[in-house]
Amino acid sequence: MINIEFEGTCKSQIAFVYEDSDAFPDIKEVFTGEFLAGFPQLCQNRLTVYIGLGKKEELTGRKLMDAVSKGVRELKKYNRYEAEADLSPVWESFGLQSARSAVLGIKLGLYEYDAYHSGRKEESYRFFLKGVEKSAEAEQCLKKASNLADSVLYARELVNTPGNLLTPELMAENMERRAKKLGVQAEILDAAQAQELGMGAFLAVASSSGNPPKLIVLRYLADPDSKERTALVGKGVTLDTGGYCLKSPGTMFGIKGDMAGGAAVAGAVFALAANKVKTNVVAVIPACENRISDRSFAPGDVIRSMSGKMIEIRNTDCEGRLILSDAVTYAIRKEGATRVLDIATLTGAVVGALGFSTAGVLTNSDEWWDEFSEAAKVSGEQYWRLPIFPEYEDLIKSAIADIRNLGENYCGTISAGLFIKAFAQDLPWIHLDIAGTAWVDKPVFEHQAVGATGAGVTTLYDMLEGANRRSGKSD
Ligand code: BES
Ligand code: MN
Ligand code: ZN
């Protein structure tokens, strides 16, 4: 339990310090304020941890969030579970955004996944944000940031949950439960309904497992004045062994996290609903496992997708693009999507290109990319756009069918994304490959913990919240 308020005092505090500032002359000799440097000082039982912010002109919302995470973790080291965090040094430059960064920094920074440790106990925390001008707006900002943080943690929790405890069915039930609480409409389609819709690509992958697939649809339609309906399509492979193109043992760990895209879109929709953002959004999450069975799809098969396009299977480990292609068709035909964003732990190749800090992006819309990039500036998540020049399309041409599910031995992130683009029917489309950013064995940023990061939730939220704010429809 973590409580964050504006009013209150206690005997621990976090003090933020810019590099080379004169704010605390008595410690200047031992503490320069370098970004993320930490220094504890105990004075008459009052513990102060000084946290460096680095250079004032280089501070961003994300770095502030990381500094706050560092602060709360330092305090935890000394078993202090209550603290004041003084935001006055950053108030001038960041205003209410500093309160948001603080809330995210606290909640994300304190998260750890140890759900199955016997004897585990949950700590209770209280924090007081100082130096914030109190107002109804500030209170609202605190509440909204807290809801957003909870959604990131919701996504992390799902991704961290072992595959045997989060089958497609259990994930669907989990999401449906949360949707009900937040007034989000949930519809769960089963294999028979998917069959009825002709979702041959989704069902081909699902055929590999005895655990039945689910198509999870979450609708949050809160802007009757707009005809826009954004589809957020998230990969929901709860376990990816590779199928007959089996992964090697060394690459198997982490296969439970292949539903991180699905968790991200659910998290984003839940945050939008909790914060009553006026927007129309539908999340579509094809959830299934990729295993081996005597019913499995196999390399060489040709399958009929919902769109009617015939797909040649070249590799059963390229299952994500298959289930996403049908989910995209579903979002357009059945949910009336006017633009489509898909997000997935899709390719190892994106890790080779961008590592663990930055997700890969493909899009056919410069305009939407600009809007998305603005949102990423607010959230602080890092995304990098890759090209989709026409010659790359040749990589997924098939001699015997309309398209094939494997490219060549190079630029695997682009060919995987282009496969999905083939189903987006020329609508504005953005594709996010979070295979590198959704999971960290070694955290890159201070607000992360080992394991799931909750990648995508904040940027998707900020994109739709920002669009709403720009059109002046904010509540
Ligand atoms: N889910 C994986 C991609 C992945 C790799 C996610 C590493 C997270 C970390 C995807 O389904 C997959 O298996 N992709 C293959 C494609 C390859 C066979 C062309 C890959 O990237 O290795
Ligand atoms: Mn795979
Ligand atoms: Zn996969």
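Colleague: How far is an oxygen atom of ligand 1 from an N or O atom in the side chain of Asp240?

Modeller: That distance is 3.0 Å, which counts as a polar contact (a pair of N or O atoms within 3.5 Å). The model is predicted, so local features need pLDDT of at least 70 and side-chain atom pairs pLDDT 80 or more, while totals for chains, interfaces and linings use all residues. Residues are numbered from 1 along each chain as its sequence is written, chains are lettered from A and ligands numbered from 1 in the order written, and side-chain values use heavy atoms, without hydrogens or water.

Colleague: How many residues surround ligand 1?

Modeller: There are 14 of them (a heavy atom within 4 Å). Lys247, Asp258, Asp317, Glu319 and Gly348 are the closest.

Colleague: Now the helices: how do I read the packing of H5 and H8?

Modeller: Two packed helices are described by the angle between their axes and by the distance between those axes. Helices here are DSSP runs (H or I, at least four residues), numbered from the N terminus. Axes are lines fitted to C-alpha atoms over the stretch in contact, with angles from 0 to 180 degrees between N-to-C directions. For H5 (residues 168-182) and H8 (residues 260-274), the angle is about 15° and the axes are 10 Å apart. The two are therefore roughly parallel (under 35 degrees; over 145 is roughly antiparallel, 65 to 115 roughly perpendicular, the rest oblique). Met175, Arg178, Ala179 and Leu182 of H5 touch H8 residues including Phe270 and Ala273 (contact means heavy atoms within 4.5 Å).

Colleague: At what angle do H8 and H13 cross?

Modeller: H8 and H13 (residues 457-470) cross at roughly 45°, their axes coming within 8 Å, and are therefore oblique to each other. On the H8 side, Ala264, Val265, Gly267, Ala268, Ala271 and Leu272 take part. They meet Val457, Leu460, Tyr461, Leu464 and Glu465 of H13.

Colleague: And how do H11 and H13 cross?

Modeller: The axes of H11 (residues 366-379) and H13 cross at roughly 115° and come within 8 Å. That makes H11 roughly perpendicular to H13. Among the residues in this contact are Trp368 and Phe372 of H11, and Met463 and Arg470 of H13.

How values were computed
Polar contact = N/O pair within 3.5 Å; in protein donor to acceptor, adjacent residues only side chain to side chain.
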